[in-house]
Amino acid sequence: MSSTWIGLGLISSPINEIADRLGPNDLPYSIPIHPNLVHFTIGLFAIGIAFDFAGAFYPLEKRVFRFLALPVTRVGFHDVGWYNVLACSVISFFTVAAGFFEMLLAVPLPGVRSVLGQNAIDTMLWHAVGGVALLLIIVAMTIWRAYERFVWRRELGRQVSWLYLACGTVVLLLMGLHGSLGAWLASEFGVHITADQLLAAGADLGEVLP
Amino acid sequence: MLGLLPPLNDKNLPWLDVIHPIVVHFVIAMALISVVFDLIGVVTGRRNLFEVSFWNLLVATVAIFVAIIFGQIEAGLASPYGAARDILNIHSTIGWSLAGVLGLLTGWRFVVRQKDPNRLPGGFLAVDSLLAALVVVQVYLGDKLVWIYGLHTVPVVEAARSGVLS
């Protein structure tokens, strides 16, 4: 039941030195920052790629938009693709930084395994390494996208190569798997969730949570 | 009748993980970045950013209805306790209101864009910023439900099922 807390007391960990300054969720603040920044990393990348697809298939959609009397331009779609992916790159540095900070303070519930059969530390390390890898991939994709836009395909209507779109799709699938690991850290391993940590410590939620 | 419903897992869900927070990526990111792009567009005079913010706003508006559908289903299965009940009620109310606000704003933007895609009315950015503020409040409430009250996490569902929570 309270093995987490006993364990923390016995193991000499740097967390012990600041434990009294942390809340019941093992953070110095009540709501984790990383999961909030993740909304931007995932949302901006996904919609960026989606709009480049819209720009790539523009000749097919043109009639539909004309039928709807909705003025659209191919350049407009590709602008959404480019600026969203660019913004994703910028924000994702903060996403990964916040993720590492919060991982250092993580106290997962003991004895839990995820749907993949992984324990807490495996899930956390894969999520951390994957996070850095994804950041590098996102930045590389953005640089690639910039070359397509400003150098290689500057004169062309379709601003992205099919290879870029295919890679973007693969990255999105990776992001989905990676995001699932992160989601399980919360929903299964109770990392930084006040109620889960309090329950593990044997507290009565009816009393301690207002 | 109840037998026809799919069985619920250890997160009290008919599916593997909560879907609402995933769909919500596209409301939060697109609504907030839309305001940022509008602002940068106004400040730097890059008119093509207005096109970027328009489409992002449109995506946010479409996504919020999907988010509400999953939000309502998962809220219904959440068994909130204590103050989480009130937070969930306010979160639902703001959620539906946001759908209205986003819809109106996108409609306004659509009309403005039909006339001249390179122009943004002065008042739009102000209302836009109010939208951003409302989204931030809504995210904060949703965060509380997950990160403080742990709704749909395994330990909380377990506690609720064993009758420890009320």
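1. Asp38(B) is part of helix H1 of chain B, which spans residues 20-44 (helices being DSSP runs of H or I, at least four residues, numbered from the N terminus). The model is a predicted one, in which local features need pLDDT of at least 70 and side-chain atom pairs count only at pLDDT 80 or more, whereas totals for chains, interfaces and linings use all residues. Residues are numbered from 1 along each chain as its sequence is written, chains are lettered from A and ligands numbered from 1 in the order in which they are written, and side-chain values use heavy atoms, with hydrogens and water left out.

2. Asp38(B) counts as buried because its relative accessibility is 0%, the limit for buried being under 20% relative accessible area with a 1.4 Å probe and protein chains only. Beyond its neighbours within four places in sequence, Asp38(B) has contacts (heavy atoms within 4.5 Å) with residues including Arg109(B), Phe124(B) and Asp128(B).

3. Between them, chain A and chain B bury about 3,400 Å², of which 71% is on carbon and sulfur atoms; buried area here is the accessible area (1.4 Å probe) that two parts lose on being put together, summed over both. In chain A, the residues that lose the most area to chain B are Ile31(A), His39(A) and Tyr83(A), together 17% of what that side buries. The contact involves 43 residues from chain A and 42 residues from chain B.

4. One salt bridge is found across this interface (a side-chain nitrogen of Lys or Arg within 4 Å of a carboxyl oxygen of Asp or Glu). A salt bridge joins the side chains of Glu188(A) and Lys11(B), at 2.7 Å from N to O.

Terms used: Helix = DSSP H or I, 4+ residues; strand = E, 2+ residues; numbered from the N terminus. Buried < 20%, exposed > 50% of the residue type's maximum accessible area, 1.4 Å probe, protein only.
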